[in-house]
Amino acid sequence: MPHRRMYRTLVLALSAALLALSFKFGFADAWAGQYVLPPAAGTQEQELSAMAPSSVPASEPNADAPLAPTANVLSNRVTEYHISVVLGEDGTLAAQQTITWQNPGRKEVSDLYFHLYPNAFSPGSTFLKESGGQLRGDKMQAGSYGSMTLNSLTTEEGETLLPRLHYVQPDDGNSSDRTLATLLLPHPVKPGQSLTLRMTYTVKLPQVFARMGKAGDFVMAGQWFPKLAVYETTGTRGRTSEGWNTHQYHGDSEFYSDFGIYSVSIDVPDTYKVAATGFQTKAAVVAGGRKTYQFYADDVHDFGWAASPDFQFVEDTFSSVGVPGVRIKLYIDPLHKDLAERYMHAAKSALAKLGEWYGEYPYSTLSVVVPPPDANGAGGMEYPTLVTAAAAKDDKPGYELERTLVHEIAHQYWYGIVASNEFEEAWLDEGFTSYTEDKLMSAIYGVSSSSLVEASYLTHPEPLKLESWRYSSSDRYAENVYMRGKLVLKEIEREVGEKTMNKIMRSYFQKYKFKHPSSADFQKVVESVTKEKWGDFFQAYVYHGQMADYAVESIRSVPQADGGYLTTVLLRRNGGSGQPVGVMFRFANGETLRQTWDGEQNHTQMQLKHTSPLSYAAIDPSMSIVLDNLRYNNYLKTEVPERSRTRLNIGLSSFLEGLLGTLAW
């Protein structure tokens with residue numbers, strides 16, 4: 001009996017210990033993490049409160065064991081990077097890098113191209129010339145330049161190659177720009193064969209601006225290492241012959257890289273915490289006042305990291321349909337330490353919806369960095385498995401906190417997994433992400449945008465398939481790539497219905513994940529799902545900068561001998577592709593007639609016989625056509641003379657813009 005009692009006591013003690021550990025690591029509430037309450041179920045505060053017990057505050061991020069490199073290969077893994085970087089006390093980065101590149105083509109390759117993005121912050125760079133030292137509302141601090149210096153470049157055998165490297169400027173011929181370099185190889189790389197190079201380099205970080213730099217003790221390392229350009233094989237994005245995709249770093253362009261493997265060691269002062277792409281493979285090693293983290297990521301095309309001694313760290317696990325299991329890690333500025341549950345709720349909810357709508361999130365981690373107030377330029381940016389939220393500027397932010405975060409998490413699908421070419425077709429990332437952001441904000445928080453108002457902002461439409469630096473200005477770039485790109489997708493949804501649009505978006509993601517698709521590839525998916533031709537639509541709205549401007553051009557009402565009236569109405573389509581549009585006619589006796597114009601021709605005349613004269617006509621009276629940005633000419637009153645009509649149109653336009661402005665989100 002004593003032994004049995006002792007055995008029972010030990011079992012109970014062990015069970016209690018396991019239960020306590022389950023609470024410590026969040027497993028006791030794992031069921032709760034699989035569900036996101038809809039807005040109708042309660043207020044946002046109630047939802048966040050319900051999720052609170054599952055978040056695990058911790059003073060220090062630890063290893064992600066037992067996670068290990070997966071044998072499931074998702075991409076072509078063209079590149080493999082092994083990097084060791086040291087953050088100096090003065091904020092500089094000193095790094096050693098071994099890079100292996102496999103030739104994915106069918107021809108021998110005798111040269112390589114490297115992006116050296118930190119040189120964008122050097123005097124005379126194309127980036128600074130085009131941006132004027134301003135980006136997304138931020139200004140570069142005077143004299144705060146950045147740069148990258150290659151100290152050595154050798155083969156595996158130790159042969160120096162640095163004299164063979166020289167800078168090129170294929171886009172603008174600016175000899176002062178050093179953001180793209182080419183290396184002539186001693187021997188060509190045959191198809192399917194690999195080449196390994198070793199290099200050392202130093203990066204001088206600017207004060208935080210344009211996604212990278214330092215602000216006090218905070219460091220944002222984005223686009224910080226020599227990165228190989230993309231070698232596109234025949235057929236990729238419509239290429240007829242294989243070759244390098246080479247562009248400089250421009251004021252309005254982002255990035256494009258091949259998928260691969262990253263193993264990165266990051267050495268920082270021992271008071272710092274580090275957030276990075278991928279997962280931490282082992283506990284940080286502390287010695288001699290320094291701390292070294294080791295991270296690993298595969299099937300990604302970039303590696304970013306951030307560091308600060310002030311991060312408030314919170315971690316939680318999450319799974320749902322399409323999200324098999326992920327560790328969500330928050331690295332929060334102290335000003336927002338009490339908002340951890342808002343960040344966690346937004347991250348979980350966005351991942352759940354994205355997994356449900358489009359497909360599986362294939363990574364085991366998602367890290368969210370909240371920059372400090374003086375590092376606004378680091379905020380609102382995406383890297384594989386790591387995003388930055390808006391900088392913590394006040395302790396009571398509105399929905400811009402959630403909107404920014406869900407936007408960046410949506411990038412994980414379009415920028416991260418589908419991986420479009422942001423140099424040449426930025427709308428495939430930013431437009432798709434902005435569209436998805438609106439869907440997420442509506443589904444999670446009940447916050448909707450006004451397409452009607454957004455279309456009215458589009459005063460200078462330009463093609464969507466356009467190299468980013470060729471837009472007429474930074475504002476025009478943002479206006480078209482983000483907003484008009486989103487509205488093009490919303491117009492497709494209006495024409496085919498939400499259910500079919502959901503199928504289009506999911507099919508596109510599933511077909512082209514890890515494949516670098518083009519606008520033409522997306523068109524093929526639309527046509528495949530709808531079983532219709534969309535050539536005119538894509539020509540008008542994607543390949544040309546058109547909008548769907550429908551107008552009532554003129555009205556002529558003539559009395560007839562029988563006492564009635566014959567009215568002729570001229571309707572015009574001033575841009576866009578043909579589509580059916582409703583027309584409403586209102587007569588003097590109060591009667592209303594509705595008809596539909598197929599919109600195939602750029603103009604048509606409609607004749608109406610009625611006992612009363614026509615008072616006015618309105619085309620698209622329900623204002624359903626998303627891409628009509630000039631609504632003032634959708635309405636015309638019959639009896640207004642030409643000169644008065646012009647004044648009426650201008651006055652009506654101003655009135656409508658003022659009225660609609662009050663409806664904008």
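The largest cavity holds about 60 Å³ of space. A cavity here is a set of points, on a 1 Å grid over the protein atoms alone, where a 1.4 Å probe fits but cannot get out, and its volume is the space filled by probe spheres set on those points, which are joined across faces, edges and corners. The model is a predicted one, in which local features need pLDDT of at least 70 and side-chain atom pairs count only at pLDDT 80 or more, while totals for chains, interfaces and linings use all residues. Residues are numbered from 1 along each chain as its sequence is written, and side-chain values use heavy atoms, with hydrogens and water left out.

**Cavities**

- The search of the whole structure finds 3 cavities of 30 Å³ or more.
- Lining residues have an atom within 4 Å of a point; those of the largest cavity are Lys227, Phe255, Tyr256, Ser257, His301, Asp302, Tyr415, Ala419, Ser420, Glu422 and His516.
- By class, this lining has 4 nonpolar, 4 polar and 3 charged residues.
- Ala, Val, Leu, Ile, Met, Phe, Trp, Tyr, Cys and Pro count as nonpolar, Asp, Glu, Lys and Arg as charged, and the others, Gly among them, as polar.

**Largest pocket**

- The largest pocket contains about 1200 Å³ of space; a pocket is an open set of points with protein on both sides within 12 Å along at least five of seven lines.
- Its lining has 50 residues, and Arg136, Thr404, His407, Glu408 and Tyr482 lie nearest the centre of the pocket.
- The lining of the largest pocket is made up of 18 nonpolar, 15 polar and 17 charged residues.
- At least two lining residues come from each of strand 5 (134-135), strand 25 (381-383), helix 5 (400-418), helix 6 (427-445), helix 7 (451-456) and helix 8 (474-496).
- Domain 1 (76-258) and domain 2 (433-542) each give at least three residues to the lining of the largest pocket; the domain bounds come from an automatic or database domain assignment.

**Overall make-up**

- The protein has 12 helices and 33 strands, where helices (H or I, at least four residues) and strands (E, at least two) are DSSP runs numbered from the N terminus.
- Of the 665 residues in the protein, 55% are buried; buried means under 20% relative accessible area, exposed over 50%, and partly exposed in between (1.4 Å probe, protein chains only).
- Contact means heavy atoms within 4.5 Å; among contacts between residues at least 6 apart in sequence, 71% join residues at least 24 apart.

**Core packing**

- The largest nonpolar core has 175 residues, of which Tyr201, Trp224, Ile266, Phe303, Trp305 and Phe522 touch the most other members.
- Such a core is a set of buried Ala, Val, Leu, Ile, Met, Phe, Trp, Tyr and Cys residues joined through side-chain atoms within 4.5 Å.
- Not counting residues up to four places away in sequence, Trp305 touches residues including Val85, Leu87, Trp224, Ile266 and Val274.
- In helix 11 (residues 535-543), the buried residues are Phe537, Phe538, Ala540, Tyr541 and Val542, and their cover includes helix 6, helix 8 and helix 10.

- Tyr262 is in strand 16 (residues 260-269) and is buried, at 1% relative accessibility.
- The C-alpha atoms of Tyr262 and His301 are separated by 8.9 Å, although the two residues are 39 residues apart along the chain.
- Leaving aside neighbours within four places in sequence, Tyr262 is in contact with Tyr81, Phe225, Phe295, Tyr296, Ala297, Val300, His301, Asp302 and Phe303.
- Phe225 lies in the loop between strand 12 and strand 13 and counts as buried, at 0% relative accessibility.
- Phe225 and Tyr117 are 108 residues apart along the chain, with their C-alpha atoms separated by 7.7 Å.
- Beyond four places in sequence, the residues that Phe225 touches include Tyr81, His115, Met148, Tyr201 and Tyr262.

**Positive phi angles**

- Most residues other than glycine have a negative phi.
- Gln223, which is not a glycine, has a positive phi of about 50°; Gln223 sits in the loop between strand 12 (218-221) and strand 13 (227-228) and is buried, with a relative accessible area of 4%.
- Phe514 also has a positive phi, near 65°; Phe514 lies in the loop between helix 9 (498-512) and helix 10 (519-530) and counts as buried at 11% relative accessibility.
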